[in-house]
Amino acid sequence: MADHIEQQLAPTPGERTAIFFKRTDVVRTSLLFIFWTAVFVVLGVVFYPKWMPLVMSTELKSAEAIMVWFTVISAPIAGLVLAITSNAFLNMHRGDTPPPDGPAVRTNGPVVAVWTITSLLFALVAIIWGLTEMNGQAVAAARDAKSAITVEVTGSQWLWTFNYPAQGIETHELNLPVGVPVVFDVKSADVNHSFWPVQLGVKVDANAQVTTVIHTTPTKIGAIDVKCAELCGLYHAYMETNGAVMSKDDFNAWVTAQGGHNA
Amino acid sequence: MSTLDMTSTHSRPVPHPKRSLITRLHMGTGVVVGIIFAALAYYALKSSLLTYTDKVADPLTPHTDNIVLLGSMFAWSIGFLVGIGAFIGPWRWMIGKDLTDEEILYMAGDGQGIKRYFKYCTDHKVVGIQYLVGVMTLLGVGGTMAMMIRTNLARPGGHFVTATVYNSLVGLHGITMIIAMIIVATGPFGNYIMPIMIGAYDMAFPRLNALSWWVLFTAIPVLCSAWFLGGIPTGWTAYAPLSVQAGPGMNAFVATIIIFAVSTAVAGMNITTTVVAMRTKGMKWNRVPIFVIGSTISVALAIPAFPTFMLAMVQTGLDRTFNTGFFDANMGGSGWLYANLFWIMGHPEVYVILIPGVAALMEIVPVFVRKPLFSYNAAIMGFAGIAGLSVLVWAHHMYIAGWAPSLNGPFMVTTEMISIPTGLLFLVLIGTLWRGKPWMKLPMLSVFAFIWDFLIGGITGIYLSDVPADGYLHGSMYVTAHFHFTLMGAALTGAIGGLAYWYPKMTGRMLNERAGYISFWFVQIGFNVLFLGMFMAGAEGQPRRVMDYAAVFAHSNMISTIGAYGVGIGMIILLWAVIHSWTKGTIAPMNPWGAKTLEWTVPYPVPLTNFDELPVITSDPYGYGKGK
């Protein structure tokens, strides 16, 4: 093994580019790039919608869209990383002696610049996407504030209680009318909990002595699972209840059956 | 620190300062004195607090049980350090003296064979091995707990363990693994290899080096005692007010974190000073091996991060003992205060774990591809960028906490920005791989596994940091899978690569290759099955830290449990390989991989002062490759 780098004449810029982008490696990497990008696109587009529960609100729809589309957008970057990695893997050298030395490329200014700018753009897409969605949700919440029904949610070890002040009822199942905006005022009677109506795609912690608020609008009729998403002690796993998004008539009938009055 | 004339150590006889107390102290005396201290504290506190026990009706009455337990735990830790002789040096300074040269040489463990591993030994190589054994023990314990968790979750309605035990398993698995992962690379390799890599005789503060290990050691029995005091119900995040209402086991958690924070502060200060002040002649900042840069940034990041966790635990301890109400909203405190303090530590901490693992792999790739590290500057920018941004992102753990919703936007911006320096780390790795023929040895395999695992961990992190997606995914199994991909798939894989790479230098023998390969594939395939199954469970809507779940999650959990057993089998094989090869492996040559960093220029066993004469450096260690 050479103790020092052999002194050689510095290659010209054209030669340097030819060394860096050697044709066989570029071709093989491009094919692998197409393969891996396709794998990630399929993973995002097929599996997330398959795994996620029935989308019953705009919030869950927007969460699902982020999961699917961010996977698709990041697929080419992941594809490139995995293409170069798997190309190297396929070029492996086995045996008990080290492989011959590779090209002494210490850096490549344009490659580093393009990579950094691409990742900056990708981060900007993620940021702008997120801020736009957040803004849309905030605007919708402000617009719907008047027409919304209010549900006061109280978490206690290990039970959810729902109070509908306008209807004058208190229950342990979360029923909501479809298409009507809803505001959840959430608090805790003891330790921290986290109120999670799964199919509505929103979540907020329940804290003692303060009320936290989330908004959503159920868009589809169907069953809801309400779970606790913050470890709250012994029976955290069983702190769950059911509910449903129902037609307005069904909801009114349910309120009446519970002894409440329809606003 | 040492005043020895280093060049003459080899000609000295084995020192034995006959009349010194130092020669009589070791781990055994430490344990005995520690237990005596703990017992004294127990009875002293118990008897002095007797007057309070009959005033239970008063809400401001101190909780005597918690005071007694916490006091005894700290007394154990201090007593152990007294008993092992940690304070002999400072005591001498107080009376205006210092250790004699003979005593200093004795403390360095010169010529004491295996006994020095059980003493307050200042040799950085001994401390490195102590950390390695400690890390493997913690990983073994934490891994066993993970197996029990997955066994309980194999089927819905599984009652392999009770609810109390399950919650304790979740919390203790978490904190055991976090402690193990914080020290997994900087402990063994940062102590054993790094001083040799920079061409130093020893660490800057050898006695503090020993202190950092033995302080950490005293935390281990304290953590284990949680198990016998009824466990902890809070997970490793120990959110208040749940942690305040929790039973006596929680005291062990509080004491463990406070003791551990002292250890990391001491170790971080020592490693940082060593790298800044003790690099050999010619090792300018642009010639320092990248592992040294990564470890230093990692420990330097830990120095400001951990005190907030320590503070949060001091406050939790006070709430639990004297009803101070820092975190109790009913008394004017706030649980959000705890969450903020915790995550101000918590997010830098994940990068404290990640960076040394990546840096170890960056050290490995050029050697096995026989090419220079691609863009050394990009690697440093990546580490520095991550470290800088990581202190500004903590509240992405609190998007849905209800605390300051108007800050969600700014925290989302800083969090997404972290993908840029993280991208640079990928660029350095793939740029080095590009056009290379990697030598398929065990350390190199970890590089491939790392890239796949960290890619998945990174991409899933991008959705989690977007607020609307986090509204659905937060607190679900999806988050658990995400951070296991980064902490286990990336950081632990990096550390295992580092172990395979430096094993010959640390033990003088080669790690058994066949067992290493089998273990690698079991662990990596099992790991991916395990956590891809968990992504599925999380996307379906299963909360994390649950002991039971609805039938709809049965498939995904079954997949996860099968994968977990694969990881378990692989890790047992790796453990066997490490233990077996330590005494029975083939003898390693001085430089088995043909690497150019300084640790491969010293023989095994590494001499007490590493180098007879300090080397002079004229280039960085990545001068591989043909000119054309």
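Predicted model: local features only at pLDDT ≥ 70, side-chain atom pairs only at ≥ 80, totals over all residues.
Residues are numbered from 1 along each chain as its sequence is written, and chains are lettered from A and ligands numbered from 1 in the order in which they are written.

Chain A is divided into domain 1 (14-91 + 109-142) and domain 2 (149-257), with bounds from an automatic or database domain assignment. Their C-alpha centres lie 36 Å apart, and 9 residues of domain 1 are in contact (C-beta atoms, placed from the backbone, within 7 Å) with 13 residues of domain 2. Helix H3 (residues 58-90) of chain A supplies the largest share of the domain 1 side, 4 residues; helices (H or I, at least four residues) and strands (E, at least two) are DSSP runs, numbered from the N terminus.

Chain A also holds an open sheet of 5 strands with mixed pairing, in the order E4-E10-E9-E6-E7, where two strands pair if DSSP finds at least two bridges between them. Strands E4 (174-177) and E7 (204-206) of chain A are the edges, each pairing on one side only. Strands E9 (residues 222-228) and E10 (residues 241-246) of chain A run antiparallel and are joined by 5 bridges, and A:Ile224 stands opposite A:Gly243 in E10(A).

Between the chains, the contact takes 84 residues from chain A and 74 residues from chain B, and on the chain B side H16(B) gives the most, with 7 residues.

Technical notes
Contact = placed C-beta atoms within 7 Å.
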